[in-house]
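Q: Please take a close look at one part of this model. Walk me through what surrounds it.

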Amino acid sequence: MSTPLQFVWLLTVALGLAILTWFAVENPLPSVWREVRCLPVYLQPAASYREFLNRVRAGEVRLVQLNPEQATIYFYLDGLEHRVRVPELDPTWQDLLLEKDVRVVVLEGGC
């Protein structure tokens, strides 16, 4: 014999498991999760693209980290890590990094 309360409890557990399974398989909010995970990265000081190029030309940048997914470069300057969005279709920054022998570390999977 089952009571209505047991039926409601069983239905609630089954629905919860179905929702968890759906989230695990489909991941309906990937961009939201990425934004939350990357929040500390967005708080870093942002440099302008022009300033970044000038610093590379001056030889002040020796190492950069490239996030190709977001077309963002992270570099250290004056003891602080800065970020700059780079235009994907403009090869100027790529040519300049190669010319100045700047070491490029490609980041995988996110921020």
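A: This is a predicted model. Start with Val-13, which is partly exposed, at a relative accessible area of 33%. That value lies between the cut-offs, under 20% for buried and over 50% for exposed, so the residue counts as partly exposed. Val-13 sits in helix α1, which spans residues 4-26.

Now turn to strand β1. This strand covers residues 63-67 and includes Asn-67. Asn-67 is buried, with a relative accessible area of 1%. Its value falls in the buried class because the cut-off is under 20%. A polar atom of the Asn-67 side chain lies 3.1 Å from the backbone nitrogen of Glu-69.

β1 pairs with strand β2, residues 72-77. The two run antiparallel, joined by four bridges. Asn-67 faces Thr-72 of β2 in this pairing. The two strands form a hairpin, with four residues between them. In that turn, Ala-71 has a positive phi of about 50°.

β1 also pairs with strand β4, residues 103-106. Here the strands run parallel, and again four bridges join them. Within this pairing, Val-64 has Val-104 of β4 as its bridge partner.

How values were computed:
Residues numbered from 1 in each chain as written. Predicted model: local features only at pLDDT ≥ 70, side-chain atom pairs only at ≥ 80, totals over all residues. Heavy atoms only, no water. Buried < 20%, exposed > 50% of the residue type's maximum accessible area, 1.4 Å probe, protein only. Polar contact = N/O pair within 3.5 Å; in protein donor to acceptor, adjacent residues only side chain to side chain. Pairing = 2+ DSSP bridges.
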